[in-house]
Amino acid sequence: KTVDNVVSALSKKAVNRVRESLDVSRIGEADGGKSGSKPNSAAVAWRAALWKRFDVATNHIFNSGVQIWTLQQVLIKKRDSSSYSSFVNVYIHNPNNPSQNEDAKKSAQSSSSSHSRNNI
């Protein structure tokens with residue numbers, strides 16, 4: 001897999017897990033459906049279930065972030081055996097890198113617009 005695919009998959013996985021964790025209908029199911037009418041005692045249980053699921057969601061976000069950070073650290077430390085440049089430099093300067101092409105377009109647009117403003 002390419003770096004973009006891994007990062008995209010981790011991002012999608014985190015978003016899906018957060019949606020599942022904070023789904024209001026599932027929170028109601030977690031306490032046996034008692035929160036449907038939400039009287040006082042059920043509201044307390046519903047709130048506790050919500051906070052528990054919020055904790056799970058933040059853990060998913062943290063774990064995905066750690067995985068992406070670990071990938072970045074590996075790309076920085078590992079080197080290409082033929083050119084001895086780090087994998088992150090090889091990745092950044094790869095013409096087939098879609099994120100690099102988007103960044104290059106954005107920087108070219110911003111530099112041309114700032115250049116034209118300076119000439120005015």
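**Entry 1: S86**

Is S86 buried or exposed? I looked it up: S86 is buried, because its relative accessible area is 6%. Buried means under 20% relative accessible area, exposed means over 50%, and partly exposed lies in between, with a 1.4 Å probe and protein chains only. I found S86 in the loop between α3 and α4. Leaving out residues up to four places away in sequence, S86 touches L75, I76, K78 and R79. A contact means heavy atoms within 4.5 Å.

**Entry 2: the model**

I noted that this is a predicted model, where local features need pLDDT of at least 70, side-chain atom pairs count only at pLDDT 80 or more, and totals for chains, interfaces and linings use all residues. Residues are numbered from 1 along each chain as its sequence is written, and side-chain values use heavy atoms, with hydrogens and water left out.

**Entry 3: confidence**

I checked pLDDT, the predictor's confidence in each residue, from 0 to 100. The protein averages 74, and 68% of the residues score at least 70. Helix α3 has the highest mean, 88, and helix α5 (residues 98-119) the lowest, 47. Helices here are DSSP runs (H or I, at least four residues), numbered from the N terminus. Over residues 107-120, pLDDT stays under 50, and the model has zero contacts there beyond four places in sequence.

**Entry 4: lining residues**

I then listed the lining of the largest pocket by class: seven nonpolar, one polar and one charged. Asp, Glu, Lys and Arg count as charged; Ala, Val, Leu, Ile, Met, Phe, Trp, Tyr, Cys and Pro as nonpolar; the others, Gly among them, as polar.

Terms used:
Helix = DSSP H or I, 4+ residues; strand = E, 2+ residues; numbered from the N terminus.
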